Amino acid sequence: MSKPVLVLKFGTASITRPSGEPNEPVMVDIARQVAALHPHYRIVLVSSGAVGAGKALIRDYRGDITQRKAAAAVGNLLLLNQYSRFFSIYGVHIAQSLCERQHFANRDQFLQLKQTYEELWANGLIPIANENDVVSSRELKFSDNDELATLIAVGFGAEVLMLCTSVGGLLDANNQIIRRVERFDEQVFGVVRTDKSSLGLGGMASKLTFAKLATRMGIRVVIFGLSEPDSLRRALAGETGTEFPASETAMSARNRWLASGSLVVGRLQVDMGAVRALTQRRSLLAVGVRAILGEFAAGEMVEILDEQQVAVAVARARISSEQLQQQLNQQNVDVANASDIVLL
């Protein structure tokens, strides 16, 4: 049996100093702990910190999108050099993987990415992934590495997704770490603070959002910190941090990809009759659509909302939003085939 997949995500605040420079002692300890887990898992390390590491070399840095991209171009090299140096101490070699959202939205590109990772793992290498900020067509604030780590975990069928945070886990109103979360309800999201690191883009709300998605796809999630000795090993063992147990799922790999890795570009609000049809594994017809939110082309992914605007499914559209608008009241117009719909 092949080793299980473990996805580790380290945020900017976890591995850099307040100035943005890589925190070498922390990175050395990460390398040590990850190297100890390496014989037992196929590991992907998702690391933020490139912008923070590179911004000191950008003159008159103000943090606009172009400067952030330039800082990332510099910082990625600095960060990977550090990781390479520290992992080599423990006899482990790394590889760089710069990802874009389209790599997960396009099934063929995603499968190529997966094959590349399989080859890296077969050769004992640990891929270190980051968003390809230099050429990304979206502003960085709309996509963070919590999302990237989740897409990798779901797409590759990871056993565990671990998200590192500077606060060590999900805190309650008394600043105590909540050890285990069984359900994602209003009470859980209600304890989230809105503050975050000045260097990072994500926060606890982001982590909870993607933890909810990952657990739904059968992945155990742990949010943890690095302040305690052997914190990574202990968090994996359930001794520190906040644990979110996996839900049971029999979803196929393709449907997991549809539900998580695909880039949703539009939304459709449907009536209760359409919702009932979806739960009976039937196709979505135009007569059940009540509102078209956003523009999309045939073949692109859309999110399906019920009358209360709660997401109930994602689907690959068979027709464009423009065509759908013209055919809303026509009978037997397939908006999405049942085989391309995944219930959430």
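Helices (H or I, at least four residues) and strands (E, at least two) are DSSP runs, numbered from the N terminus. The views show a predicted model, in which local features need pLDDT of at least 70 and side-chain atom pairs count only at pLDDT 80 or more, while totals for chains, interfaces and linings use all residues. Residues are numbered from 1 along each chain as its sequence is written, and side-chain values use heavy atoms, with hydrogens and water left out.

**View 1. Seven strands form an open sheet with mixed pairing.**
The strands are arranged in the order β3-β4-β2-β1-β5-β6-β7; two strands count as paired if DSSP finds at least two bridges between them. Each of β3 (93-99) and β7 (242-244) has a single partner strand, so these two stand at the edges and one side of each lacks a neighbour in the sheet. On average, neighbouring strands are turned by 20 degrees against each other, direction ignored. Axes are lines fitted to C-alpha atoms, for helices over the stretch in contact, and angles run from 0 to 180 degrees between N-to-C directions. Helix α6 (residues 107-122) packs on the sheet and touches β1 (5-10), β2 (42-47), β3 and β4 (125-131); contact means heavy atoms within 4.5 Å. The direction of α6 makes about 145 degrees with that of β4. Helix α9 also packs on the sheet, where it touches β1, β5, β6 and β7, and its direction makes about 160 degrees with that of β6.

**View 2. Strand β1 pairs with β2 and with β5.**
Six of the six residues of β1 are buried, that is, under 20% relative accessible area, whereas exposed means over 50% and partly exposed lies in between (1.4 Å probe, protein chains only). V5, V7 and K9 point one way from the strand, and L6, L8 and F10 point the other way. β1 and β2 run parallel and are joined by six bridges, with V46 of β2 as the bridge partner of K9. The pairing of β1 with β5 is likewise in the parallel sense and has five bridges; here L6 stands opposite V160. Further along the sheet, β5 (residues 160-164) and β6 (residues 220-224) pair in the parallel sense over five bridges, and L163 stands opposite I223.

**View 3. The largest nonpolar core has 41 residues.**
Such a core is a set of buried Ala, Val, Leu, Ile, Met, Phe, Trp, Tyr and Cys residues joined through side-chain atoms within 4.5 Å. V7, Y117, I152 and L161 touch the most other members. At least two residues of the core come from each of β1, β2, β3, α6, α7 (145-155), β5, α9 and β6. Helix α7 supplies the largest share, with six residues. In soluble globular proteins, nonpolar side chains tend to be buried together.

**View 4. D230 and Q309 are non-glycine residues with positive phi.**
D230 has a phi of about 50 degrees and lies in the loop between β6 and α10 (231-236). Its relative accessible area of 28% makes D230 partly exposed. For Q309, phi is about 60 degrees; this residue lies in the loop between β11 (301-305) and β12 (311-316). Q309 counts as exposed, at 52% relative accessibility.

**View 5. L278 is buried in helix α12 (residues 272-279).**
The relative accessible area of L278 is 1%. Not counting residues up to four places away in sequence, L278 touches S283, L284, I304, V312, A313, I341 and L343. L171, 107 residues apart from L278 along the chain, has its C-alpha atom 38 Å from that of L278.

**View 6. An unreviewed UniProt entry annotates residues 266-342 as "domain: PUA".**
UniProt positions are given in the numbering used here, feature names are shortened, and annotations may be inferred rather than shown by experiment. In the model, this span is 18% helix and 36% strand, and its end C-alpha atoms lie 15 Å apart. UniProt also lists residues 314-341 as "coiled-coil region" (unreviewed entry). That span is 21% helix and 25% strand, with its end C-alpha atoms 6 Å apart.
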